[in-house]
Amino acid sequence: MSALTARTRVFTILGNPVEHSLSPVIQNAAFQEAQVDGVYVALRCDAEQMVGFMSGLGRSGGAGNVTLPHKEKAASVLDKPLEAVRRTGACNTFWGESGKLCGDNTDVEGFRRAQRHFLGGAATGYRVLLLGAGGAARAALVSLIDDGVQDVLILNRTVERARAVARRIGGDRVRVAESHSDVDDGEFDLVVNTTRLGLHSDDELPFDLERLSRADAVMDLVYGPSATAFVAASKRLGIPAVDGGEMLVHQGAAAFERWWGEEAPIDAMRQALEAARSSQAGA
Ligand code: NAP
């Protein structure tokens with residue numbers, strides 16, 4: 001990292017908890033590779049403190065990210081929400097511009113880029129099973145709809161939450177499963193896990209893929225030091241699968257581009273993530 005001076009821009013990730021976030025590792029590697037004058041730290045805070053940090057940093061040349069559980073609250077305090085924030089109701093990236101607090105939800109772009117990286121192109125014409133109906137599901141759904149998927153079936157523990165997501169984003173290409181049996185024998189080009197299941201080693205799998213007649217590919221948005229149990233289970237069935245590491249890098253790259261107005265050094269970010277994950281796995 002270049003020497004910190006009075007001109008160094010301060011960036012942060014705001015959330016609770018944030019101690020295990022890999023965003024500081026990824027962004028500081030990017031700042032160093034791109035030779036931009038910034039430093040990125042994590043700050044654990046409650047919702048009220050977060051609003052103060054966003055406003056203060058945005059007005060003093062800094063910027064940052066917001067993570068669980070504050071993304072919806074962050075969306076509500078912006079002066080200039082970009083389209084992805086308006087459509088998902090969530091903000092994960094903020095910065096200041098001419099005294100105004102601006103925000104984006106780069107989880108949408110992060111999902112889009114990760115999905116293309118994984119499958120080699122847009123999801124146009126795909127039939128998708130979307131597991132979960134929280135913030136990550138909304139981001140994935142916006143990307144999938146914009147790519148012209150054929151249809152999306154949402155399966156979530158709380159059915160009403162899935163209905164609300166479908167009403168907000170879906171249109172007529174989105175359906176909601178009332179129970180697991182509505183999904184039985186389904187045929188899907190892509191299955192996307194956006195639930196939290198997989199964060200902890202004793203979590204059950206988010207879905208039993210053997211209930212389906214066909215699943216051509218699996219994206220798990222959850223990530224940890226090593227492959228998630230859902231990714232491992234998919235691969236055991238011969239289904240190509242990736243975890244959320246690639247999306248994490250791409251949402252960070254899209255945020256970098258908002259803050260610095262230049263292309264992000266994606267290879268350096270990917271390498272930093274892999275190094276951090278290897279050292280966590282070995283710890
Ligand atoms: P969220 O808004 O809190 O939503 C959580 C989702 O998980 C809901 O659908 C919830 O179902 C479901 N869920 C939680 N516990 C469950 C359980 N025991 N059984 C079944 N379903 C359960 O969280 P989020 O922001 O969408 O994040 C979800 C996951 O995506 C997290 O693991 C997060 O790390 C990951 N993520 C990754 C990236 C990336 O860049 N790779 C970006 C964003 C998020 P209910 O509605 O029934 O509660």
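This is a predicted model: local features need pLDDT of at least 70, side-chain atom pairs count only at pLDDT 80 or more; totals for chains, interfaces and linings use all residues.
**Entry 1: Arg-277.** I then listed what Arg-277 touches beyond four places in sequence, and found Leu-22, Tyr-223, Gly-224, Pro-225, Asp-243 and Gly-245.

**Entry 2: α9 against α10.** I next looked at how helix α9 (residues 245-260) packs with helix α10 (residues 266-282), and noted an angle of about 135° with the axes 10 Å apart. That angle makes α9 oblique to α10, and the crossing in which α9 passes α10 is right-handed. On the α9 side the contact is made by Gly-245, Glu-246, Leu-248, Val-249, His-250, Gly-252 and Ala-253, while α10 brings Ile-266, Met-269, Arg-270, Leu-273 and Arg-277. Sorted by class, this contact of α9 with α10 has 6 nonpolar, 3 polar and 3 charged residues.

**Entry 3: α1 against α10.** I turned to a further partner of α10 and found that the axes of α1 and α10 come within 8 Å and cross at roughly 140°. The two helices are therefore oblique to each other, and α1 passes α10 in a right-handed crossing. Which residues meet here? From α1 I wrote down Val-25, Ile-26, Gln-27, Ala-29, Ala-30 and Glu-33, and from α10 Ala-268, Met-269, Ala-272, Leu-273 and Ala-276. The residues of this contact divide into 9 nonpolar, 1 polar and 1 charged.

**Entry 4: the mixed sheet.** I followed an open sheet of 6 strands in the order β2-β1-β3-β5-β6-β4, and recorded its pairing as mixed. β2 (38-44) and β4 (80-81) stand at the edges with a single partner strand each, so one side of each is left without a neighbour in the sheet. Within this sheet, strand β1 (residues 9-15) runs parallel to strand β3 (residues 63-66) and is joined to it by 4 bridges, and the bridge partner of Thr-12 in β3 is Gly-64. Helix α1 (residues 23-34) packs on the sheet, where it touches β1, β2 and β3 and makes about 170° with the direction of β2. Helix α2 (residues 47-59) also packs on the sheet, touching β1, β2, β3, β5 (93-97) and β6 (100-104), with its direction at about 165° to that of β1.

**Entry 5: Tyr-40.** I placed Tyr-40 in strand β2 and found it buried, with a relative accessible area of 2%. Tyr-40 and Thr-12 are 28 residues apart in sequence, yet their C-alpha atoms are 5.2 Å apart in space. Leaving aside neighbours within four places in sequence, the contacts of Tyr-40 include Phe-11, Thr-12, Gln-27, Phe-31 and Trp-259.

**Entry 6: the parallel sheet.** I finished with an open sheet of 6 strands in the order β9-β8-β7-β11-β13-β14, in which the pairing is parallel. Its edges are β9 (174-176) and β14 (241-242), each with a single partner strand, so one side of each has no neighbour in the sheet. Strand β7 (residues 127-131) pairs with strand β8 (residues 151-155) over 5 bridges, and Leu-130 has Ile-154 of β8 as its bridge partner. Helix α6 (residues 135-146) lies across β7, β8, β9 and β11 (190-193), and runs at about 170° to β7.

Definitions and conventions: Residues are numbered from 1 along each chain as its sequence is written. Side-chain values use heavy atoms; hydrogens and water are left out. Axes are lines fitted to C-alpha atoms, for helices over the stretch in contact, and angles run from 0 to 180 degrees between N-to-C directions. Angles under 35 degrees count as roughly parallel, over 145 as roughly antiparallel, 65 to 115 as roughly perpendicular and the rest as oblique. A crossing is left-handed if the near helix is turned anticlockwise from the far one by less than a right angle, and right-handed if clockwise. Contact means heavy atoms within 4.5 Å. Ala, Val, Leu, Ile, Met, Phe, Trp, Tyr, Cys and Pro count as nonpolar, Asp, Glu, Lys and Arg as charged, and the others, Gly among them, as polar. Two strands pair if DSSP finds at least two bridges between them. Buried means under 20% relative accessible area, exposed over 50%, partly exposed in between (1.4 Å probe, protein chains only).
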